[in-house]
Amino acid sequence: CGVSGQQISKKMEIAIIGLGYVGLPLAVAFAKKFRVTGFDIDQVRVNALQQGVDNTLETNENELIEVLKSTVDNPTGLVISSNPESIRSCAVYIVTVPTPITRFKSPDLSPLLSATAMIGGILKKGDVVVYESTVYPGCTEEDCVPVLEQVSGLKYNIDFFCGYSPERINPGDKKNRLETIKKVVSGSTEKVADELVALYGSIIEAGVFKTSSIKVAEASKAIENAQRDVNISFVNELALIFDRMNIDTQEVLEAASTKWNFLNFRPGLVGGHCIGVDPYYLLHKAQCLGYHPQVILSGRNVNDSMGHFVASKVVKLMSKHGICIGESKALILGFTFKENCPDTRNTRIIDIYDELKDFGVSVDLYDPCALRDKAEQEYGISMLPDLPDLTIYDAIILAVGHDAFKTIDFSFVKNQSTVLFDVKGILPKDLSHGRL
């Protein structure tokens, strides 16, 4: 039986659809208190997880192995599967599949709607479907619910119910974890919302915030990342301006941050599964309603241009050093979208790589954290397996602030013409030839 109309029971079965950076930590957390089945269509990922191996590094290996040690008689624990039949008996379905954008910067709902159709095929009376994937306001009830109704033959808010609880996972962050971040929760009825508050409240130490509607919860997620995107775009634009003035942006920000209410954002490349993607969902919905956002769109345009700016800056610096661009060799250190994280989704380092290649530069990539097979599959590039001899390069771009890069001795650049560009601003100023 489903969750609606009754108290949360430890005997209730939960399905987590999508076992990536968001879904797996959620599945592990719930599996400590409930019977959970984690479902994913990636058989390679499923096989690895069944062996207790998480290549995203988002879960503690011991925790994962412990919750996998479940038996038929044990009311808690985690089962990993790629078979839709394995989740048929569940009462709550939590969807955590990716919501990317197309190459035209429009929402790609195909993974979300595909997962929704699959759930519709096994949906029962009383079941609850909760979405955590980032969407635009209205998507759950306007796009997903009709699919659930059509495939299942059931009626929304009569036979089955929905909820929305936006994910707030920060990949690679070992301090701000699922349990320590306040959870926004909503439901399609007041009763279901209260039941979902109780459900999430059982695993979220930081507490739960209930919204008045699913749309409000969807909108709150959309603006979280849009706000950060706009703030970063402002300092990125400052970097573009100050570069023309020959002023060090980092020094300007350091001086300005001495004021108590200055927002201390830093320039950089904005990629990943959230900040570099989510604003386009809000843009799409606004444009569908006849409003054309200016601030959000201009911020996106600035941030999307930064990889090309870095590459052009490096080429100009090489030219000043008398290096023949067409015969030059460059090394990019880092390919993930953030430091100490294997995630390469929507990484903007690819923009630096492509732009340098367009200039005729021979480019190598090295990243000790990135999943090399995933990067090659998605971007068609091969990364070096080990850190090469740095002295053979005409230019080195420190693109990601991995801890492993902070111990590298770059002092050799003082004795040769190699250009060292510090995208993240983590090296001493007198060592690098340029930084954002």
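This is a predicted model: local features need pLDDT of at least 70, side-chain atom pairs count only at pLDDT 80 or more; totals for chains, interfaces and linings use all residues.
Which helix gives the most to the lining of the largest pocket? The answer is H13, with 6 residues. Helix H2 (43-50), helix H4 (110-120) and helix H13 (372-379) each supply at least two residues of that lining. By class, the lining of the largest pocket comprises 21 nonpolar, 15 polar and 14 charged residues.

I turn to the second largest pocket, with a volume of about 980 Å³. Its lining has 37 residues, and Asn170, Arg228, Ile232, Ile275 and Lys338 lie nearest its centre. Here helix H7 (residues 214-245) gives the most, with 5 residues. The lining of this second pocket divides into 16 nonpolar, 10 polar and 11 charged residues.

The structure also holds 1 cavity of 30 Å³ or more. The largest cavity has a volume of about 40 Å³, and Arg168, Ile169, Leu178, Ile181, Lys182 and Lys183 line it. Of these lining residues, 3 are nonpolar and 3 are charged, with no polar ones.

Finally, a helix pair. The axes of helix H11 (residues 306-320) and helix H12 (residues 349-358) come within 7 Å and cross at roughly 45°, which makes H11 oblique to H12. Their crossing is right-handed. On H11, the contact is made by Gly307, His308, Val310, Ala311, Ser312 and Val315; on H12, by Asp351, Ile352, Glu355 and Leu356. This contact has 5 nonpolar, 3 polar and 2 charged residues. Thank you.

Notes:
Residues are numbered from 1 along each chain as its sequence is written. Side-chain values use heavy atoms; hydrogens and water are left out. Axes are lines fitted to C-alpha atoms, for helices over the stretch in contact, and angles run from 0 to 180 degrees between N-to-C directions. Helices (H or I, at least four residues) and strands (E, at least two) are DSSP runs, numbered from the N terminus. Angles under 35 degrees count as roughly parallel, over 145 as roughly antiparallel, 65 to 115 as roughly perpendicular and the rest as oblique. A crossing is left-handed if the near helix is turned anticlockwise from the far one by less than a right angle, and right-handed if clockwise. Contact means heavy atoms within 4.5 Å. Ala, Val, Leu, Ile, Met, Phe, Trp, Tyr, Cys and Pro count as nonpolar, Asp, Glu, Lys and Arg as charged, and the others, Gly among them, as polar. On a 1 Å grid over the protein atoms alone, a cavity is a set of points where a 1.4 Å probe fits but cannot get out, and a pocket is an open set with protein on both sides within 12 Å along at least five of seven lines; lining residues have an atom within 4 Å of a point. Grid points are joined across faces, edges and corners, and a volume is the space filled by probe spheres set on the points.
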